[in-house]
Amino acid sequence: MIEEADLERELVYRGPVKNRSCTDVVCLVIFIAFLVGWGIIGIYGFILGDPQRLLYPTDSYGRICGVDEKLKDKPYLFYFDLTQCADSFLFTSGCPTPQVCVKTCPVENFVAIDAAAETGEALTKIKMICKENVTVSEMSVKELVDKGYCASYYIHSEPLAGRCVPLLTNTSDIFSNSTLEPVVPIEKIVNVASSLAHFVILDRIFQEFSKTWWVILIGLAISMIMSFFWIVLMRFAAGLMIWLSIAFILVLQGVGTWYCFKCYTELKDFPEANNQTLAENESATNLITSSGRSIWQIIAIFLCIFMAFTILMLIVLRNRIRMAIALINHASNAVGDILSTLLFPIFPWVFQVLVIGYFAAVALYAASIDKSNFRVVGPDNKTNINCSCTSVIDSVGTCIPLGFEKICDIQCPGSTCRFFDTGADFYVTLLQIYNFLGLCWSIFFVSALSEIVLAGAFASWYWAFSKPHDVPAYPLANSFFRTVSYHLGTVAFGSLIISILRSIRVLLEILESNARENSINCCCCIIQFFVRILEKIIRFINRNAYVLCAINGTGFRQSASDASSLIWRNVADIVVLDKVTEFLLFLGRFVIVTTLGIVSFYVFTNKIPYVNECISPTDFFIVPIISTVLGAYFITGLFFSSYSMAVDTIFLCYLQDTEINDGSAEKPFYMSQELKEILGKKN
């Protein structure tokens, strides 16, 4: 006779339990308290922070160019001597050289002393860039330069992030002007310009986005439509769609291998000296081709090996693939019967976007809380000077700009109090760490909530004996309310573990990037590797724990224990089938993303005649292509996430089905007829 506890345990597998109790309440309370603290940090940052100090340049007196009342018509920052600045830190920290806001950046090379000798003092003073409140007419050009009131020289510059900097495009002009050499350290200027080269690339990327953003949005909309229709087709012919995807991948690999060998063969006999001519006369594709025939050879060999590996895997895993296709077909029926699950992932995605936006806003405002540091700078632009004006200068050389001008003019002749950098207080660093933890925990919380809600809906479908007639009404809505009512603590518990592991990974990456010793880098890499593997294992266990929590109503620890036990008893099937089904679902995404990538390549390289009339040519076409591909990959993942969760839930239910049922009248199997035929089972 079956005991009452065993009977209750058995009935659990017949679908989600209705009589539940709240799980992991303590963790939910901690999560709510954490969110309250995160909100307080946000309010604190919004009140005290000023992002304009980070987004716009600041002059030597700490005033914001183009923002402060007296500087609204002067949006650009000019450096008297750019070589004194900290090269790549130019945009995030100060510089010991005088800095003034100007209306426009210099458009010519200019040396004050030489210009005074050639054109006279009056015309030279008109061109000079000087500090405010300087009476230029009362001093000579040499006096203005020697006392640091005006810049001794300037170079043809362009505005970059609100700063006037000489870019690499102007270095030829610098070398061609021999009059600069006696005064200007040309080599240092070139080094500074070289260090800013990556900012030029970022500027080009921004320009490409500004020209092609609407085309990218159209491409993303098309990827959304393709994903929806692909899933609809999967509802009626999942097996056919998957085999067509496999065939498409093989054909794509074959065509790619042929094309790469073709390019390699064409370049093999092409004179090396004419590669530049080919690049100048042909399209951007030939430019890539002429960069090296060895690249095409390597790609061709890689594609050939990958194609052979794919064919071998198809032969070896053909039975597992059949079973995986049956599971996917089972999941397709579930998704088709609960169509609301297709649109549900949009809602957690919206919440994740809001979380990321809040994190970015808090990070920006918190970073702008940092204090502006002003240092005493001598005539030689050095900060370590002996100045005894202690009323406005502290022991470390920090000063007050306005007070310094009024009080310390006699004690510190020729010295000025200038904005040096933005100092980071320790508590601001703690706020940023808390903000990052809030991002991780909230993102993983929303993702876990989505998984457990979908798992509850698909479990309701699987344990309905006669589908879809026995499926409860509104299974997704019921699962959502069950989760919110009873299992938010479980969601918080599981997401906390993943967020801690992710934070450790980020910390190790920061340590590795800042470490100067190879031994430390090596240790960080090894630890990162194991943490990454541990995170993948925990995420896999969490996902299955959420399924059992949605079905059984147990807490996180009990669900994780049951899931681990079930996985261990069927480890061979789970390891192979899970990865095979994951790969087969990935093929659908890959087909959509690849198709869109090929189309976007022809669109943005102006190879389609009718499209050329609507889209302006792009010099950096790789940017919109990559943006379209990455966006399409994300959107397809959003739609296919329901399928992935359906497969995982149904697979776990299937394992339970085979363990507790034997096909008899008392214990019939709940799996589909296709799965029964593949496994040789029947009711």
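Author: A helix here is a DSSP run of H or I with at least four residues, numbered from the N terminus. The model is a predicted one.

The second largest pocket holds about 1200 Å³ of space. Its lining is made by 29 residues, and those closest to the centre are Leu-252, Gly-256, Tyr-259, Thr-594 and Ile-598. At least two lining residues come from each of helix H9 (197–268), helix H11 (284–289), helix H12 (293–316), helix H22 (571–604) and helix H24 (622–660). H22 contributes the most to this lining, with 10 residues. Sorted by class, the lining of the second largest pocket consists of 23 nonpolar, 5 polar and 1 charged residues.

H24, one of the helices that line this pocket, also packs against helix H13 (residues 318–337), at an angle of about 110° and with the axes 9 Å apart. Angles of 65 to 115 degrees count as roughly perpendicular, so H13 and H24 are roughly perpendicular to each other. Their crossing is right-handed. On the H13 side the contact is made by Met-323, Leu-327, Ile-328, His-330, Ala-331, Ser-332, Ala-334 and Val-335, and on the H24 side by Tyr-643, Ala-646, Val-647, Ile-650, Phe-651 and Tyr-654. The contact of H13 with H24 has 12 nonpolar residues, 2 polar ones and no charged ones.

Another helix pair is helix H15 (residues 346–367) and helix H17 (residues 426–462), which pack at an angle of about 180° with their axes 10 Å apart. Angles over 145 degrees count as roughly antiparallel, and H15 and H17 are therefore roughly antiparallel to each other. Among the residues that meet are Phe-351, Val-355 and Phe-359 in H15 and Phe-436, Leu-439 and Ile-443 in H17. By class, the contact of H15 with H17 is made up of 14 nonpolar and 6 polar residues, with no charged ones.

The largest cavity contains about 110 Å³ of space. It is lined by 11 residues, of which Phe-78, Tyr-79, Leu-82, Ile-155 and Ser-157 are the closest to its centre. Strand E1 (76–79) and strand E4 (153–154) each provide at least two residues of this lining. The lining of the largest cavity divides into 10 nonpolar residues, 1 polar residue and no charged residues, whereas the lining of the second largest pocket includes 1 charged residue.

How values were computed:
Residues numbered from 1 in each chain as written. Predicted model: local features only at pLDDT ≥ 70, side-chain atom pairs only at ≥ 80, totals over all residues. Heavy atoms only, no water. 1 Å grid on protein atoms, 1.4 Å probe; cavity = no way out; pocket = protein on both sides within 12 Å on 5 of 7 lines; lining within 4 Å. Points joined across faces, edges and corners; volume = space filled by probe spheres on them. Nonpolar A, V, L, I, M, F, W, Y, C, P; charged D, E, K, R; others polar. Axes fitted to C-alpha atoms, helices over the stretch in contact; angles between N-to-C directions. Parallel < 35°, antiparallel > 145°, perpendicular 65-115°, else oblique. Left-handed = near helix turned anticlockwise from the far one by under 90°. Contact = heavy atoms within 4.5 Å.
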